[in-house]
Amino acid sequence: MNEERWLLPAGIEEILPPQARVMETLRRELLDLYASWGYELVIPPFIDYLESLLTGTGQDLDLQTFKLTDQLSGRLLGVRADMTPQVARIDAHHLRRDTPTRLCYLGTVLHTRSDGFAGTRSPLQIGAEIYGHSGIESDAEILRLIMLTLHAAGIREVYLDLGHVGIYRGLARQAGLSPMQEHALFDALQRKAVSEIEALIADQGVAGAHARMLTALSELNGSDALARAAILLRDADRPVHEAVEYLGRLADELGRWLPEVCIHYDLAELRGYRYKTGAVFAAFVPGWGLEIARGGRYDDIGRVFGRARPAVGFSTDLKELLRHGPRTGANEQTPGAIYAPWSSEPTLQEAVDRLRASGRRVIHALPGLDQAPIELGCRQVLVERNGRWELDDILAE
């Protein structure tokens, strides 16, 4: 087994140079971007009490969460699988502001299995949330921030999928479905398994207009879905129509800010259905069947932490952004470094300090090693001429 000690668990990756440098550059750019929009950075703990991680937005994460026992308290702990519940706690319990609060975050989360979103069990999750405002404007701001995030990673061809959990929730309530029936039909809708949907509806005793509208949900996707929904869901109660109208107004608002972005609709897309309360959205790139960023509205998210607040936000995986953007790191060369002799001579150190302060990489020679500067990635060398240190190019042999 000794020869396998270098292996990593499935779905766990190391980030090597130069990709690590590219990833760190993107991380800084994105956090600076969010800060310029007024989002304050928070850093939740990597490990937390299990009940805190699995309340509110985290209730769908039970199977994805690694669990262990705290040797100090005897209580169950969890390694975070999503940072959103922790950020909601910070807003509701620690900050307790009356004004809208914008928070952003970045850190590793750990999953027991890959969910297909990032193709990894250790995504580097980055995201942003607005607390304290319920309305189209904050939804639109988060969607604009998604697009800027993807553009910063060099991802230009993007389309947005919009949905609204109030549509299915209203139809299920109107049909009189029990919570168990509602969840069973929800699972089938996510797979768009039409025959299974029809069988479940029939088995549940739903008939007439109620059955027709629930079945139609699996077909209500595409750029014209709202127009078709107005016809196919005409017998729905008012909350359903209000949800459809909300999506239309949100799309109109986005059209003013992001006229170049292609907007699709999927009224059966209900990711996070158990805790989302309004619009849900995802960003896709052509040729990739999974979303590259996702988010939505989850009003009253802070209720379990003692203070209900409307909220909307999004998250993505920094690793996945780099996979789809042009800055993969594999094809980028680390900028050439400067080779400096090993010496504490003051004028040399002044020259080295100036170069490093300007952003250049300077590598000191380590005595006793017979290694050519070019092997260290150096393209220039500091040489002394008439009491001054100057740069000379290193010519490859």
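Helices α5 and α10 are roughly antiparallel to each other. In this predicted model, local features need pLDDT of at least 70, side-chain atom pairs count only at pLDDT 80 or more, and totals for chains, interfaces and linings use all residues. Residues are numbered from 1 along each chain as its sequence is written, and side-chain values use heavy atoms, with hydrogens and water left out.

Look at the pair of helices again. Helix α5 covers residues 165–174, and helix α10 covers residues 238–257. Their axes come within 8 Å and cross at roughly 170°. An axis here is a line fitted to C-alpha atoms, for helices over the stretch in contact, and angles run from 0 to 180 degrees between N-to-C directions. Angles over 145 degrees count as roughly antiparallel, under 35 as roughly parallel, 65 to 115 as roughly perpendicular, and the rest as oblique. Which residues meet? Gly166, Ile167, Gly170 and Leu171 in α5 meet Val240, Ala243, Val244 and Leu247 in α10. Contact means heavy atoms within 4.5 Å.

Now step back to the whole chain. The protein chain has twelve helices and 16 strands. Both are DSSP runs, numbered from the N terminus: helices are H or I with at least four residues, and strands are E with at least two. Along its principal axes, the C-alpha trace spans about 95 × 55 × 50 Å. Of the contacts with a separation of 6 or more, 68% are between residues 24 or more positions apart.

How much of the chain is buried? Buried residues make up 48% of the 397 residues. Buried means under 20% relative accessible area, exposed means over 50%, and partly exposed lies in between (1.4 Å probe, protein chains only). The accessible surface of the chain comes to about 19,600 Å², and 53% of this belongs to carbon and sulfur atoms. Such areas come from the Shrake-Rupley method with a 1.4 Å probe; for residues, only the protein chains shown count as cover.

Ile90 is found in helix α3, residues 84–95. Ile90 counts as buried because its relative accessibility is 15%. Leaving aside neighbours within four places in sequence, Ile90 is in contact with Val42, Pro44, Leu95 and Leu103. Ile90 and Gln190 are 100 residues apart in sequence, and their C-alpha atoms are 32 Å apart in space.

His364 is found in strand β14, residues 362–364. With a relative accessible area of 18%, His364 is buried. Leaving aside neighbours within four places in sequence, its contacts include Ala340, Pro341, Trp342 and Arg356. Glu137 is 227 residues from His364 along the chain, and their C-alpha atoms are separated by 53 Å.

Finally, follow the backbone. A cis peptide bond joins Pro17 and Pro18, with omega about 0°. Pro18 lies in the segment before α1 (19–36).

Where does Lys192 sit? Lys192 is found in the loop between α6 (179–191) and α7 (194–203). Lys192 is not a glycine, yet it has a positive phi of about 50°. At 31% relative accessibility, Lys192 counts as partly exposed.

Asn386 has a positive phi of about 55°, although it is not a glycine. Asn386 lies in the loop between β15 (378–385) and β16 (388–393). Its relative accessibility is 84%, so Asn386 counts as exposed.
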